[in-house]
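Here is a walk through a structure, one piece at a time. Keep the coordinates open and follow along.

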Amino acid sequence: MKNKILVFTKYLIIILGALVTLVPFFWMLSTSFKTLGEVYQMPPSVLPNNFNFDNYKVVIEKTPINTYFFNSLLVTTIVTLGTLITSILAAFAFSRVQFKGRDIIFTILLSTMMVPSELLITPNFVILSKLNLINTLTALYLPWISSMFAIFLLRQYFLGIPEELYYAAKADGCSDFKYLIKVMVPLTKPALITIALLKIIYSWNEFLWPMIMVSTPDKRTLPVGLAYFMTEAGPNYHLLLAYASIIIVPVIVIYILLQRYIIQGITRSGIKG
Amino acid sequence: MKRVVTIILCVFMMVSLIGCSNDTNETVVGENQEVNGEEVKEVVELEFWHALSGENGDMLQKLIDQFNDENQFIHINAYYQGHYRELFEKLNGAAQANTLPTITMIYNNRLTAYVMNDLAEDLGPYIYDSEKGIDPKIWNDIPLGLRNDGMWDGKHYSLPFNKGSYLMFYNVDALEAADLKVPTTWEELENAARVLSKDGNTGLVLNQSAGIDFSFWVEQAGGHIYDEELEIPTIDSEGVKIAYEFITGMIKEGIAHLAGEDNYITGPMSRGESFIGFASSSNLPRMEEACRETGVNWAVAELVRGKEKAALFSGTDIAMFNTSTQEQKDAAWEFIKFWYRTDITLEWGMKSGYIPLTYEGANHPEFKAYLENDPSKIPAIGQLSVAYQDPNGLNGYAIHSNMQTALEEIIAGVKTIDEALQTAQENATREMEEAKKNFAQ
Amino acid sequence: MKKENNLKNAALGILYLLPAMVILGVFQIYPIIKVFLMSFYTRYNYFRHIVFEYGVDNYIQLANDPKFILALKNTSIFVFVMVPTSIIISLFIATLLNSNVRFKKLFRNIYFLPFVTSTVAIAMVWRWIFHSKHGILNYGLGFIGIDPIPWLIDPKWAMVSLIILSVWKTLGYNILIILTGLQNIDKQYYMASKIDGANSWKRLTRVTIPLLSPTLFFVSITSLIGAFKVFSEVYALFEKRPGPLNSCLTMVYYIYDKLNNQFSYGVAAAASVVLFIIILIITLIQFLIGKRFVHYK
């Protein structure tokens, strides 16, 4: 009996939590089908009076969404792959290579997480100008192909891999690099996928950076399109939310595809603590 | 051995990462064009940064295309750089990196920094030049309140580009039902607000950020928020106090309110919760769309008058940076002149959300005919003679921001009007002084 | 011999670090150093990079600015309420999701959704939810007899609203990281504790949390850093303003305001340095605590 109550409360909590999480999304979707007049109606209608795709049509016509999409895809892919490569190498050094000054470097790099990114936009604009990279796609990915956040996360997982494994491999004549690629990387696949996922999300949603670093529509990315639906008199809610609903779809799909690897990961590989 | 391979691999990765950066960068190359097979003249390319999107942006691009077509040897690349916030941030970066565009849209209180640092081009030599100058007839036809706002030390550094004004929005049916005529003075406004406040509705609504755009009430009270001579804010002066007493008095009485979480008057007005509201003409399209569905019958009128009649005009100016070549600057000047040509300003006035920039454009029969279909621009035109714009002092934003805080404090009852205005005056003065230190000469 | 080894290791280590260091160095550390220097410029020209006078004026300015003090206070409240709330809820939900639950996958996907969306768009939706007259939240509260709450209008509730939005937004991320960490825990430990007859609370405190400590350590550090930098939520939720009566004026809002509205680059830089030092100190404390309580296998 007691067990049943426990199970019941468990489900109740999970379901309630899920509902709370979903309400804003439901609202976003519902609003994206409304007209502006209906948006202003109070009390608001829960479902749109007329279910049609007019807002979506307008949004697709008004923005070069295809170009934006391919730019976003390219930038996000490079950023994600770049981050994975640089983080794997760096996290290895921070967890397995012992040398003087390592912790100092780690702390210095960690400090990059403590400065608000808003502050770094203008200095980076100047740097990218000097490198002649303003208004190129390179400006959108190059500064982001390394992330201390990712290095830090990966280091935590690398530290969790028993050192005995390393010495055993060494004794077998395995090089550091080979050990890293053949042993550590496969063992931390869930963490790597988590990093990839987080990086994809950040990169996909970044608004201010591409807005400032690039001038021409042919090099802009998806979130920049949001600006088209904001006016001096407030946002065009219905259009903006339609656009926002479109652009999250790819990320949700990627998440659903990737998340099962996160969860499977280590349980399968069967290493012991 | 394996270590060597590792090292090589790492280096290779590095190189490939850096190597990615060698994208082809778009450089502006002037094309040579031959005219009649003899004269070789170069096409001057220049950049124009703006913050207009949607229909206004489309219209601007159309007029720029027309300009490019008419001027064989000039090509203007107009770039939408996001909203004012992003545009100004980008200009800041560009100023440091020395990559400013030739012309830009800009608020005058933002341009001040560039004028102080000798980055803005004095337009005087262009305006009054006997050859390339602007036709004096057109020049004198630009409303003074708009034209002379872009002046620093008696020199023109910017000229009006996209302009609208603050307006009074009202619910036609509600006023008729209460047997009220459209208010034209403060007293009438207060009375109307009182009569209309019933059944849980509040007669008058202001944007949540009413304190930011508060200056028109002050000007109407006969005061100013800034002393242009002494370059100091005058938030604790008599006129400001009268204006705050008027507005916060109505709010405390419960016959006026700020839009709160709706932020803009559109929400309460379109739902019929409030019947008179004040906002800039940029609210017109939303009001139109929102009320079409809720069935509220609305109209706009000129701002009411207090001791004085005064109308705040908003929108940006166009300014030129002196970092471009003389050819580019000359070409940009051609565009500025083009902007005030009657047919152009007329089209701009009819097809964008803004008004024509010359009296000839505003009084043109075509524009009159347009106003009959869409009367929403009539009050803005009617107010042109009493037009003024907000002060240009460096960090003028500090004045507005602190006035907003003061308004919130008074309404919340945290401070009295005198206390709140005094604090605002102190903070604004300090913050404006603070800004100057960043542009020492 | 040993010295040589150390040198060799250092060279090797640096080599592995090089790609990350170059990128971070150029685009993060170099600008940060510039910001640090700028905080000591008292008279200079921002556009032309000419410095006429160095000093600590900007810091004195900050100490005397009631708005900055308010920003410090608001940010602290936000961080110390938001972060623990978010971590506790996400730990709770993550362990539930990690246990035997049907439709596990579906729930996991749902909880992650908020993290995927753009803040700008979703903050707009929350403005409706929080609407005092017509919002769904007050509507729901009305059912259980609670009077309408002026969420976004009242200075006290405005901060609560900001915290709710932020918890909601970060939950998915925290759950994801914690779930990833939970996968790392060997099932054998659970088996062992079950055999020992430990109840679920004991299992959580004796097995899960200690073994999860590297992950929790990571989550708490990154959440704290993220929370100290809260800005876009404020900006979007209150339509570019810092909330009623500056009640949600946070440190980064202050910095942003000085930087982009007020031309006060020096003061903005100084405020960033202060923020940086605060975060650094708290992170170092966390590392010290972490040394004692975090168990790497």
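Predicted model: local features only at pLDDT ≥ 70, side-chain atom pairs only at ≥ 80, totals over all residues.

Start at C:Phe263. This residue takes a positive phi of about 55°. Its place in the chain is just after α11(C).

Step back into the helix itself. Is α11 of chain C enclosed or open? Helix α11 spans residues 251-261 of chain C, and nine of its 11 residues are buried, so the rest of the structure largely encloses it.

Which helix gives the most?

An unreviewed UniProt entry marks "transmembrane region" at residues 12-30, 68-92, 104-127, 139-158, 179-202 and 237-258 of chain A. Two of these spans can be checked against the model. Residues 68-92 of chain A are 100% helix and 0% strand, and their end C-alpha atoms lie 36 Å apart. Residues 104-127 of chain A are 75% helix and 0% strand. The end C-alpha atoms of residues 104-127 lie 26 Å apart.

Now look inside chain C. Seven residues from domain 1 and six residues from domain 2 make the contact. On the domain 1 side, α1 (2-38) and β1 (41-45) of chain C each supply at least two residues. The most come from α1(C), with three residues. That side of domain 1 has five nonpolar, two polar and no charged residues.

Chain C also meets chain B. This contact takes 33 residues from chain B and 33 residues from chain C. Four helices of chain B each supply at least two residues of its side: α1 (2-19), α3 (84-97), α19 (397-412) and α20 (417-436). The largest share, six residues, comes from α19(B). The chain B side divides by class into 16 nonpolar, nine polar and eight charged residues.

Chain B has two assigned domains, each made of two segments: domain 1 (43-163 + 314-375) and domain 2 (164-313 + 389-439). The centres of the two lie 29 Å apart, taken over C-alpha atoms. At their contact, 15 residues of domain 1 meet 19 residues of domain 2. The elements giving two or more residues to the domain 1 side are α4 (108-116), α7 (144-147) and β15 (311-320) of chain B. With five residues, α4(B) gives the most. By class, that side has five nonpolar, eight polar and two charged residues.

Stay in chain B for one residue. B:Phe246 sits in helix α11 (residues 238-253) of chain B. Why does B:Phe246 count as partly exposed? Because 17 C-beta neighbours lie inside 10 Å of B:Phe246, while a buried residue needs 20 or more. Leaving aside neighbours within four places in sequence, B:Phe246 is in contact with B:Trp186 and B:Trp217. The C-alpha atoms of B:Phe246 and B:Glu190 are separated by 8.7 Å, though the two are 56 residues apart along the chain.

Finish with the largest nonpolar core. It holds 307 residues, and A:Leu154, B:Phe169 and C:Ala271 touch the most other members. Helix α7 (residues 155-184) of chain C gives the largest share, 14 residues. A:Leu154 touches A:Ser87, A:Ile88, A:Ala91, A:Thr188, A:Ala191 and A:Ile195, not counting residues up to four places away in sequence.

Terms used. Residues numbered from 1 in each chain as written. Chains lettered and ligands numbered in written order. Domains from an automatic or database assignment. Contact = placed C-beta atoms within 7 Å. Nonpolar A, V, L, I, M, F, W, Y, C, P; charged D, E, K, R; others polar. Buried ≥ 20, exposed ≤ 12 C-beta atoms within 10 Å, placed from the backbone. UniProt positions renumbered as here; feature names shortened; annotations may be inferred. Core = buried A, V, L, I, M, F, W, Y, C linked by C-beta atoms within 7 Å.
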